[in-house]
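Colleague: I would like a close look at a single part of this model, starting from one residue and its surroundings. Please take me through it in plain terms.

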Amino acid sequence: MALTLPNRDVVTTINRDGSRHFLHPADVRGRFTRARKVVAAVILAAYVLLPWIKINGHPAVFLDVAERRFYLVGLTLAPQDLWLMFFLITGLGFTLFFVTALLGRIWCGWACPQTIFLEHLYRRVERWLEGPAHHRQKLDAMSWAKPEKLRRRGAKIFIFVLLSAVIAHLFLAYFVSIPQLYGWMRDDPAQHGSAFLFVAALTGLLYFNFAWFREQFCLILCPYGRFQSALTDDDTLVIGYDARRGEPRGKATDPRAGACVNCLRCVQVCPTGIDIRQGFQIECIGCAGCIDACNEVMDKLGRPRGLVRYDSLNGLSGKRRRVLRPRTYVYAALLLAGAGAALYSFSTLEPVNAAIVRMGGRPYFITPDTVRNQFNLRLINKHDAPLSLHFALEGAPAGLQLVGTNDTVVLPANEETVLPVVLQQDRGAYTGPASVTLRIAGANQTFSVPLRVEFLGPNAKLLRADTATPTP
């Protein structure tokens with residue numbers, strides 16, 4: 001006989017009359033909950049410590065917009081290097097596709113900043129101040145005239161605002177550095193008005209999100225839950241309810257009932273308020289709280305765990321689950337291609353960015369003795385120490401030389417400069433336009449940057465036939 005589960009016809013956070021239903025997930029213990037706490041602690045520690053940890057004299061992650069320098073775990077990027085972010089972003093996207101195809105929404109439940117901050121910071125404060133779920137529900141129904149509600153909710157609001165301000169200041173530190181941020185905090189806010197307004201606005205936004213909006217962000221704003229159906233299939237590992245084993249629901253003493261005793265414990269602990277027994281739902285963020293809750297009940301009843309578990313839809317229906325399948329091959333191939341391109345691109349980064357542009361006006365100049373091309377050479381030193389740069393021409397025809405520029409140029413640390421560069425060839429040796437390479441090398445040849453340069457000029461035969469006095 002086929003088993004059917006009741007369908008939910010309303011959103012979990014909306015009451016029948018259309019009003020907002022505030023969720024208060026119950027506490028839960030178990031191996032997945034403990035593992036999620038460890039993952040959250042690592043992510044929170046990384047968020048707090050990255051602006052403090054120094055690598056090559058700079059914070060591990062420092063997006064110095066004012067100076068147009070971007071420091072990523074030892075790499076220094078100039079604006080000209082930002083094309084590399086394409087590989088980083090697409091690589092992260094392909095990684096998310098691949099992980100989702102294999103493990104479902106594990107990102108949402110285990111590593112998403114919305115989940116990390118809400119479940120492991122704000123709701124922990126809420127549980128500490130207001131007690132377990134049924135106490136928080138009573139506090140919701142209590143009048144604000146009651147001193148207990150004023151005391152508890154007032155303390156919660158204060159700590160929530162403080163937490164939001166700390167998170168906002170740490171976020172700003174990724175762009176201005178910790179020492180500069182500390183100096184700004186000691187100054188009059190009017191001296192740094194834009195930064196003060198940014199932190200104030202971000203603090204307010206964070207407070208609104210984590211104090212009131214909460215799971216609505218996942219249900220309404222986040223697009224990931226909407227397009228996950230295009231990334232997953234019946235072999236993707238998800239959290240599901242074994243209806244074959246659990247139905248029909250009934251009391252533990254009823255021999256005709258299935259394993260599910262309809263205790264609703266899985267619903268009570270869910271941060272989005274869904275009933276996992278109603279099948280695969282886009283509101284499920286894969287936090288595994290319902291697994292720990294159900295396993296806890298099964299342990300008390302002396303029944304096997306796994307009524308609610310990580311499994312595929314095929315596995316839950318008794319079919320064989322395939323790990324390797326066409327979509328995983330495609331996503332893995334895209335991931336490897338993107339990762340390979342990113343590794344190659346980042347490995348070719350040099351401490352100097354260089355670009356050469358022809359000066360405005362004439363493309364070339366002819367004097368009685370020479371053919372001359374003029375360029376502007378832009379150099380950017382991405383190191384914290386001065387660099388000695390040497391210039392050399394490669395593949396140049398006879399008589400073509402670099403003039404007006406010293407063989408060695410010292411570029412100050414973290415500085416940008418523009419140098420005039422002149423390529424000149426004796427008129428008698430001129431044989432026509434040529435493509436050459438301007439090689440910029442560091443001391444002891446520790447690095448070199450090649451620049452392709454087009455040396456332009458008139459037709460060589462016409463130049464030799466021209467006996468008129470040339471115009472400089």
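Modeller: Leaving out residues up to four places away in sequence, Val 436 touches Leu 393, Glu 394, Gly 395, Ala 396, Pro 397, Leu 400, Leu 423, Leu 451, Arg 452 and Val 453. This is a predicted model, and what follows should be read as such. Val 436 sits in strand β15, which covers residues 434–442. Its relative accessible area is 0%, and because buried means under 20%, Val 436 counts as buried. Phe 210 is 226 residues away along the chain from Val 436, and the C-alpha atoms of the two are separated by 60 Å.

Thr 100 can be described in the same terms. It belongs to helix α2, residues 84–103. Thr 100 has 0% relative accessibility and is therefore also classed as buried. With neighbours within four places in sequence set aside, Thr 100 is in contact with Tyr 224, Leu 231, Thr 232 and Thr 236.

Three strands form an open sheet in the order β3-β4-β5, and the pairing is antiparallel. The edges are β3 (61–64) and β5 (75–77); each has a single partner strand, so one side of each has no neighbour in the sheet. On average, neighbouring strands of this sheet are turned by 15 degrees against each other, with direction ignored. Strand β4, residues 69–72, pairs with β5 in the antiparallel sense over 3 bridges. Tyr 71 stands opposite Thr 76 in β5.

How values were computed. Residues are numbered from 1 along each chain as its sequence is written. This is a predicted model: local features need pLDDT of at least 70, side-chain atom pairs count only at pLDDT 80 or more; totals for chains, interfaces and linings use all residues. Side-chain values use heavy atoms; hydrogens and water are left out. Helices (H or I, at least four residues) and strands (E, at least two) are DSSP runs, numbered from the N terminus. Buried means under 20% relative accessible area, exposed over 50%, partly exposed in between (1.4 Å probe, protein chains only). Contact means heavy atoms within 4.5 Å. Two strands pair if DSSP finds at least two bridges between them. Axes are lines fitted to C-alpha atoms, for helices over the stretch in contact, and angles run from 0 to 180 degrees between N-to-C directions.
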